[in-house]
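Here is a short report on a structural model. Please look at the sequence and the fold first.

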Amino acid sequence: MTGSKAKQLNCQEALRKVFDFVDGALEGVSLVEMRTHLATCRHCFDRAEFERLLKARMARLKANPASGELRARVQSLIEGG
Amino acid sequence: MSLTDEERREFSDVVLPLLDEMHALAVHLCRNHSVAEDLVAETVMRACENFRELRDRSKVKPWLFRILTNAFFSSCRKQKTRQEVSYEEVQGEDDAGSFSLFQQLSHPFLLWWGNPEREFTNKLMDEDIRRALAELCEDHRVVILLSDVEGLSYAEISESLDIPIGTVRSRLARARSMLQRKLWRCAQEMGFGVSRRRSRQEALKE
Ligand SMILES: [Zn+2]
């Protein structure tokens with residue numbers, strides 16, 4: 001047994017942790033507590049799902065590859081530097 | 001100061017695979033392609049000069065992002081474009097991380113109307129997001145880019161921006177609140193707010 005035991009979160013506590021959850025910053029007991037709450041609370045589950053979806057949409061902005069020119073420029077910088 | 005051939009090869013091996021990531025960050029920071037390319041080139045040059053500082057190779061990404069964001073912020077200072085930062089920071093002070101797009105979209109009135117949150121995220125274009133993001137001040141933009149676009153952990157963002165983890169959390173919360181406020185405006189333009197008002201009137205008629 002580790003020191004901290006899982007407790008029941010209320011919605012306010014769960015919503016305060018929603019971004020930590022979506023960002024993958026919860027672990028151990030905190031993560032268990034959050035998952036338990038989300039499994040039983042429709043509202044908080046929907047909120048977490050929405051933030052997760054939005055975060056996934058943000059990630060699409062990453063599709064911005066460097067041009068061949070930039071790649072060549074950087075390569076010559078490294079070789080010359 | 002210049003690297004040995006061996007070091008140069010190693011530098012290439014760890015830095016070149018991250019070129020697309022650096023470029024994506026630079027593009028959304030600078031909002032201009034040629035300026036972004038210059039920023040990436042400058043970052044690689046500075047990184048090359050300081051490569052020996054990087055002892056832990058697993059931290060190459062936050063290390064590069066730190067060089068890139070520092071170079072970006074120092075060019076902002078030179079052009080004095082950072083004035084808008086304090087303006088927007090002050091503006092955002094009163095709602096410090098409290099605006100929730102979800103709450104706006106999932107008004108209890110319309111629970112019978114379907115799932116407006118999901119409908120909104122489906123209708124939202126990448127361009128809408130890009131524009132909303134571009135309207136944020138640099139400090140807010142960079143923290144969202146590092147977290148949501150580049151997928152960095154709080155600890156890595158803390159290293160990249162040289163701020164404590166607690167500040168990463170609060171700045172990210174505020175930045176998201178501002179971004180969601182802008183996306184809410186976008187949702188209203190798409191008719192989400194309007195339909196809700198109309199539905200409300202219809203509901204009242206019944
Ligand atoms: Zn709940």
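**Chain A**

This is a predicted model. Chain A has 5 helices and 0 strands. Its elements run α-α-α-α-α from the N terminus. The radius of gyration of chain A is 21 Å, well over the 12 Å that the globule rule gives for 81 residues, so the chain is more spread out than a compact globule. The C-alpha trace of chain A spans about 60 × 30 × 15 Å along its principal axes.

Of the 81 residues of chain A, 37% count as buried. Contacts between residues at least 6 apart in sequence were also sorted by separation: in chain A, 57% of them join residues at least 24 apart. Chain A exposes about 4900 Å², with 54% supplied by carbon and sulfur atoms. Chain A carries 14 positive and 10 negative charges, and their mean positions are 3 Å apart.

**Positive phi in chain B**

Arg31(B) is not a glycine, yet it has a positive phi of about 60°. Arg31(B) sits in the loop between helix H2 (19–30) and helix H3 (33–49) of chain B. Its relative accessibility is 45%, so Arg31(B) counts as partly exposed.

Asp162(B), also not a glycine, has a positive phi of about 55°. Its loop runs between helix H10 (154–161) and helix H11 (165–189) of chain B. Asp162(B) counts as exposed because its relative accessibility is 54%, and the cut-off is over 50%.

**Salt bridges**

Over all chains, the whole structure holds 28 salt bridges. Three of them are listed here.

| Pair | Closest N to O distance |
|---|---|
| Asp23(A) and Arg176(B) | 2.8 Å |
| Glu7(B) and Arg52(B) | 2.8 Å |

Asp23(A) and Arg176(B) pair in a salt bridge. This pair crosses between chains, from the loop between helix H2 (18–22) and helix H3 (28–40) of chain A to helix H11 of chain B. Asp23(A) and Arg176(B) are both buried.

Glu7(B) bonds to Arg52(B) in a salt bridge. Glu7(B) is in helix H1 (residues 5–15) of chain B, and Arg52(B) is in the loop between H3 and helix H4 (60–79), 45 residues apart. Glu7(B) is buried at 18% relative accessible area. Arg52(B) is partly exposed at 43% relative accessibility.

Lys61(B) lies in helix H4 and Glu21(B) in helix H2 of chain B, so the pair ties together parts 40 residues apart in sequence. Lys61(B) is partly exposed, at 22%, whereas Glu21(B) is buried, at 14%.

Salt bridges with shared partners join Asp23(A), Lys55(A), Asp148(B) and Arg176(B) into one network.

Conventions: Residues are numbered from 1 along each chain as its sequence is written. Chains are lettered from A and ligands numbered from 1 in the order in which they are written. This is a predicted model: local features need pLDDT of at least 70, side-chain atom pairs count only at pLDDT 80 or more; totals for chains, interfaces and linings use all residues. Side-chain values use heavy atoms; hydrogens and water are left out. Helices (H or I, at least four residues) and strands (E, at least two) are DSSP runs, numbered from the N terminus. The radius of gyration is taken over C-alpha atoms; the globule rule is 2.2 Å times the number of residues to the power 0.38. Buried means under 20% relative accessible area, exposed over 50%, partly exposed in between (1.4 Å probe, protein chains only). Contact means heavy atoms within 4.5 Å. Accessible areas come from the Shrake-Rupley method with a 1.4 Å probe; for residues, only the protein chains shown count as cover. Lys and Arg count as positive and Asp and Glu as negative; His and the chain ends are not counted. The place of a charge is taken as NZ of Lys, CZ of Arg, CG of Asp or CD of Glu. A salt bridge is a side-chain nitrogen of Lys or Arg within 4 Å of a carboxyl oxygen of Asp or Glu.
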